[in-house]
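Me: I would like to learn how to read aromatic rings in a model. Where do we start?

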Amino acid sequence: MPETCTQKSKKGDMLNAHYDGYLAKDGSKFYCSRSDNKGHPKWFVLGVGQVIKGLDIGMDGMCVGEKRKVIIPPSLAFGEKGKVSVQIHTIIMNNCNLEQDIFEINLNLINYVIHIYINIIKAYFYASADSVPPNATVIFEIELYTVTRGPRSVESFREIDLDRDRSLSKSEVREYMKKEFETRGSKRDASFYDAIVADVFRKSDHNGDGLISAKEYNVYDHDEL
């Protein structure tokens, strides 16, 4: 726990974190955020189902800089079916031991493909499946980097919607995120914001019209929208 904690995470906040997942029965690792999407920490809104329910519960009340171990029963993890995914691994080295302090965004946390980032040697890759068996208790080791106001509040929608047409364009979302990061003294290159916008629209633009309507945005069912 950090010595000072000025803000704790709560439902609706946008979090940026690294987390590693292990099977409780034998300690084997089934997920490493540092080898997914070139090692960038994960962005997601807490408490709205963008991660498994056990993480939504287990990451509540965390401080920036805090590290936490969360034990999650099957009912709050991957349930009776387990988790079937194809992950790419290297038999030469574990990418989790490579550079860890790279920041970008990937909001698609449930259906993912592990991308290996190796610039040291040419590796041999193989695929594996069934990373979490049915009825498995899992353990996540989490490190929280950032807590910001979630993007789905009424206030945020109004701030993003610059032309007041009750829908959000890609340029409006991009400008809002850029302002938020620069306000905190954290400037990013264009590709960083491109990744944010692409992920936000992939998750929220349900009808594919290139805009996020108030209804699509409104995961909390605010009457004000």
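Reply: With Tyr193, which has a relative accessible area of 2% and is therefore buried (under 20%; exposed is over 50%, partly exposed in between, with a 1.4 Å probe and protein chains only). This is a predicted model, where local features need pLDDT of at least 70, side-chain atom pairs count only at pLDDT 80 or more, and totals for chains, interfaces and linings use all residues. Residues are numbered from 1 along each chain as its sequence is written, and side-chain values use heavy atoms, leaving out hydrogens and water.

Me: Is Phe181 buried or exposed?

Reply: Phe181 counts as buried, at 3% relative accessibility.

Me: How is a pair of aromatic rings described?

Reply: By the distance of the centres and the angle of the planes. Rings of Phe, Tyr and Trp (its six-membered ring) pair if their centres lie within 6.5 Å; planes under 30 degrees apart are stacked, over 60 edge-to-face, the rest tilted. The structure holds 10 such pairs. In one of them, Phe157 and Tyr217 have ring centres 4.8 Å apart and planes at 65 degrees, so the pair is edge-to-face. Both residues, Phe157 and Tyr217, are buried. Phe181 and Tyr193 also form an edge-to-face pair, with 6.2 Å between centres and 75 degrees between planes.

Me: Which residues form one aromatic cluster?

Reply: Tyr19, Phe30, Tyr31, Phe44, Phe78 and Phe140 do.

Me: Where does the charged end of Arg188 sit?

Reply: Over the ring of Phe192, 5.2 Å from its centre. The criterion is NZ of Lys or CZ of Arg within 6 Å of the ring centre and within 35 degrees of the ring normal.
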